[in-house]
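Hi everyone, and thanks for making time this morning.

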Amino acid sequence: MKQVLFLVGVLLLLLPLPLQAAPDLPFAAGLCVNKANLLIREEKIGPAIALLEAFEAKQQGFDPQTAAQKGYDHYYIDFLLGNCFLLLDQKEKNPEYVKRAIAAFSRAVEKNNSFSPAWLNLARCCYELADMARAAAAFAKGYETSLEKKGEYLYYAAVCHTATQNYGQALAVFNRLLADHPKEITLEWKETLVNIFFSLEKYAQALPWLQELAENSVDKKKKTWQEILLYQYLTLKMDKKALEYALFLTRTDPLEPKWWKALTHIHLDKNRLEDGLSSLIIYSFITPLSQQETTLMADLYLACNIPLKAAEYYETWLEIATDEKIKPQNKDVDPDKIQDRVAKLSQAYLSGGNPAAAQKALDRLQKTARVQ
């Protein structure tokens, strides 16, 4: 089984933040913001943008000190403009509006580097346009400057770093998240953490989180994490753990064939042929055997001194391999393999005390050789 990396998607629901007034707005700027808010409530977004841009443009006719006193260059005007462009994007889904929002929020944070709402909306916009590196930095800055420290901001920053394959930074951010917000960590977030560990090839460090995901996830996702966990036990040479977990899986989910198949290979890897045969037999009750699995079953019966059962499976393999209706779809029918199976079939019959059937198989082997 290949290693499975979960690239967890993030649905950002960071809608434009409430249009609260900034505490330090000059009178003229406050009057403009109030008028813009009224237009926004009436869903007149275009006129609100025109009003704000016209107000901001007035700074060009004044010296910087006067412009600042009037609030023409106030960061909140840019912030409100950015929100207006986001509202337009919600209606029309036009990336140009997102780009204009980014420009407005960027101006806002340049003027007030500690204004968290602008950082967070900037992050949301950059994420939407797949500028993940910038989004990660903005989410982190939004977290650092926010009065209410929400772990989700750090989580989004870690995800954005993951998207840019900056896994070391993603892990650093996630470690901070774990330290500062341990109670906020959801299963989905833990999936992201495992993905980061896997990307850094820190498989042993991922194990505790894998164990939790395998235990607490539900439905198909639970089974997937169980499979990944079992594979990691095997990869990390944790043979006892792998065997215990495979046995646990066969007990708790006995109708899932992949657990019995895994248990078979765990036993065979340690040369426990009878245990491997027992697991493979149960596996065959749940799902049809492939040709390769049919051969394995026959070989195990033969190795465990149950030759006539081995002969049954060799016969089954040969029947399928030589069936002209099936043969075009069968990739395991080259002549050398057929001869090998016929020879083993003869050996199985001979060991089982049926020399006539063994001779018949040998005749079949000679016939196959002449055809070649």
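**A walk through the helices**

Let's begin with the overall count: the protein has 19 helices and 0 strands. Both come from DSSP runs, numbered from the N terminus, with helices being H or I of at least four residues and strands E of at least two. Please keep in mind that this is a predicted model, where local features need pLDDT of at least 70 and side-chain atom pairs count only at pLDDT 80 or more, while totals for chains, interfaces and linings use all residues. Residues are numbered from 1 along each chain as its sequence is written, and side-chain values use heavy atoms, with hydrogens and water left out.

How much of the protein is buried? Of its 372 residues, 45% are buried, meaning under 20% relative accessible area, where exposed is over 50% and partly exposed is in between, using a 1.4 Å probe and protein chains only. On contacts, which are heavy atoms within 4.5 Å, residues 24 or more positions apart make up 55% of those with a separation of 6 or more.

Now to the inside. The largest nonpolar core has 111 residues, and the members touching the most others are L52, F105, L122, F139, F174, L210 and L230. Helix 4, residues 75–92, gives the most to this core, with 10 residues. A nonpolar core here is a set of buried Ala, Val, Leu, Ile, Met, Phe, Trp, Tyr and Cys residues joined through side-chain atoms within 4.5 Å. In soluble globular proteins, nonpolar side chains tend to be buried together.

Let's zoom in on one of those members. Leaving out residues up to four places away in sequence, F174 touches Y155, A158, W189, T192, L193 and I196.

Another residue to look at is L154, in helix 8, residues 151–163. L154 counts as buried because its relative accessibility is 2%. With residues up to four places away in sequence not counted, L154 touches Y143, V173, R176, L177 and H181. Its C-alpha atom is 9.9 Å from that of A137, which is 17 residues apart from L154 along the chain.

Next, helix pairs. Two packed helices are described by the angle between their axes and the distance between the axes. How do helix 1 and helix 2 cross? The axes of helix 1 (residues 27–41) and helix 2 (residues 45–57) come within 8 Å and cross at roughly 165°. Those axes are lines fitted to C-alpha atoms, for helices over the stretch in contact, with angles running from 0 to 180 degrees between N-to-C directions. Helix 1 and helix 2 are therefore roughly antiparallel. That label is for angles over 145 degrees; under 35 is roughly parallel, 65 to 115 roughly perpendicular, and the rest oblique. On the helix 1 side, the contact is made by A28, A29, C32, K35, A36, L39 and I40, and on the helix 2 side by I45, P47, A48, L51, L52 and F55.

Further along, helix 17 (residues 307–321) and helix 18 (residues 335–351) have axes that come within 8 Å and cross at roughly 155°. That makes helix 17 roughly antiparallel to helix 18. Among the residues that meet are Y314 and W317 in helix 17, and R341 and Y349 in helix 18.

Let's turn to helix 14, residues 257–269. At 1.5 Å a residue, its 13 residues should span 18 Å, and the end C-alpha atoms are 18 Å apart, which agrees. The expected span is 1.5 Å times one less than the number of residues. Its buried residues are P257, W259, W260, A262, L263, T264, I266 and H267. They pack against helix 12 (219–235), helix 13 (239–252) and helix 15 (273–286).

Helix 12 has buried residues too: W225, Q226, I228, L229, L230, Q232 and Y233. What covers them includes helix 10, helix 11, helix 13 and helix 14.

Finally, some backbone angles. Most residues other than glycine have a negative phi, and most peptide bonds are trans. K93, not a glycine, has a positive phi of about 50°. K93 sits in the loop between helix 4 and helix 5 (95–111), and it counts as exposed because its relative accessibility is 59%. E201 also has a positive phi, near 60°, and lies in the loop between helix 10 (187–199) and helix 11 (203–216). Just after helix 14, N271 takes a positive phi of about 60°, and K237, following helix 12, has a positive phi near 60°.
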